[in-house]
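Biologist: I would like to learn how to read the packing inside a protein model. Could we take one feature at a time?

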Amino acid sequence: MATTKTLREGSTQKRTAILSAARKLFLADGFDRTSVDAIAARAAVSKRTVYDYFGDKQTLLKAVVDAVGESLITTIRRTLDDTLTDRTEAAGLEDALVSFSMRIATDMLDSAEYATLRRLVRAEYSHLPHRDYNSMADTPDEALAERFAAFASAGLLDVPDPRLAADQFIALTFGVALDRLGSANAAEDARVRPLVVEGVRTFLRAYRTT
């Protein structure tokens, strides 16, 4: 009967070194051409340590993608805290939502972390747990939904279903830019901002309290 191998938590320094080495090699050489030996050598650890910490190369790839996704989620939460705060008032809600969207469109969508995530998921999707694997999952939508629920409690929005409202907000802003332009990167394309602004206004027409 097969048993599940227990992975070592190990030292944070070694774990970080392995993830960094794997990320660089997966991006440069691809999953198939990257060996565990090469990862271990670049991380300055033994091959046995790589296996003890991550089990196999596929699990290590998932860990790399998850780490990048977690970094992006941190950016999203920080941007929410900076732009959509409990001090936001009705008169400034549109500007706050535009500011949040534009920060995401520059700080996140123009970041090396986001580019890395897209490259890894696109190039190595067959080696990830399933074809539509997304390390960020629903976390960004849920974080935005939490903020919309807080705005509803403050009387700024009428959102019976905050998660649906978050999904619709993303579709109206970044989704429209992606569909229309193929990118929502405001740092590279000045056409993103007008689409985001109109998306925010459409969202508020539907959800702003009267």
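## Reading the packing

Modeller: Start with a single residue in this predicted model. Setting aside neighbours within four places in sequence, L97 is in contact with L84, F148, F169, V200, F203 and L204.

Biologist: How many residues does the largest nonpolar core have, and which have the most contacts inside it?

Modeller: That core has 63 residues. Those with the most contacts inside it are I18, F26, L60, L97, F148, L157 and F203.

Biologist: What describes two packed helices?

Modeller: Two packed helices are described by the angle between their axes and the distance between those axes. Take helix α4 (residues 57–83) and helix α5 (residues 93–108): they pack at an angle of about 150 degrees, and their axes are 10 Å apart. Angles over 145 degrees count as roughly antiparallel, so α4 is roughly antiparallel to α5. The crossing of α4 and α5 is right-handed.

Biologist: Which residues make the contact of α4 and α5?

Modeller: From α4 come L72, T75, I76, T79, L80, D82 and T83. From α5 come A96, S99, F100, R103, I104, D107 and M108. By type, the residues of this contact between α4 and α5 are 7 nonpolar, 4 polar and 3 charged.

Biologist: At what angle do α1 and α3 pack?

Modeller: Helix α1 (residues 12–29) and helix α3 (residues 47–54) pack at about 100 degrees, with axes 11 Å apart. Angles of 65 to 115 degrees count as roughly perpendicular, so α1 is roughly perpendicular to α3. K14, R15, I18 and L19 of α1 meet T49, V50, Y53 and F54 of α3. The residues of this contact between α1 and α3 divide into 5 nonpolar, 1 polar and 2 charged.

Definitions and conventions:
Residues are numbered from 1 along each chain as its sequence is written. This is a predicted model: local features need pLDDT of at least 70, side-chain atom pairs count only at pLDDT 80 or more; totals for chains, interfaces and linings use all residues. Side-chain values use heavy atoms; hydrogens and water are left out. A nonpolar core is a set of buried Ala, Val, Leu, Ile, Met, Phe, Trp, Tyr and Cys residues joined through side-chain atoms within 4.5 Å. Buried means under 20% relative accessible area, exposed over 50%, partly exposed in between (1.4 Å probe, protein chains only). Contact means heavy atoms within 4.5 Å. Axes are lines fitted to C-alpha atoms, for helices over the stretch in contact, and angles run from 0 to 180 degrees between N-to-C directions. Helices (H or I, at least four residues) and strands (E, at least two) are DSSP runs, numbered from the N terminus. Angles under 35 degrees count as roughly parallel, over 145 as roughly antiparallel, 65 to 115 as roughly perpendicular and the rest as oblique. A crossing is left-handed if the near helix is turned anticlockwise from the far one by less than a right angle, and right-handed if clockwise. Ala, Val, Leu, Ile, Met, Phe, Trp, Tyr, Cys and Pro count as nonpolar, Asp, Glu, Lys and Arg as charged, and the others, Gly among them, as polar.
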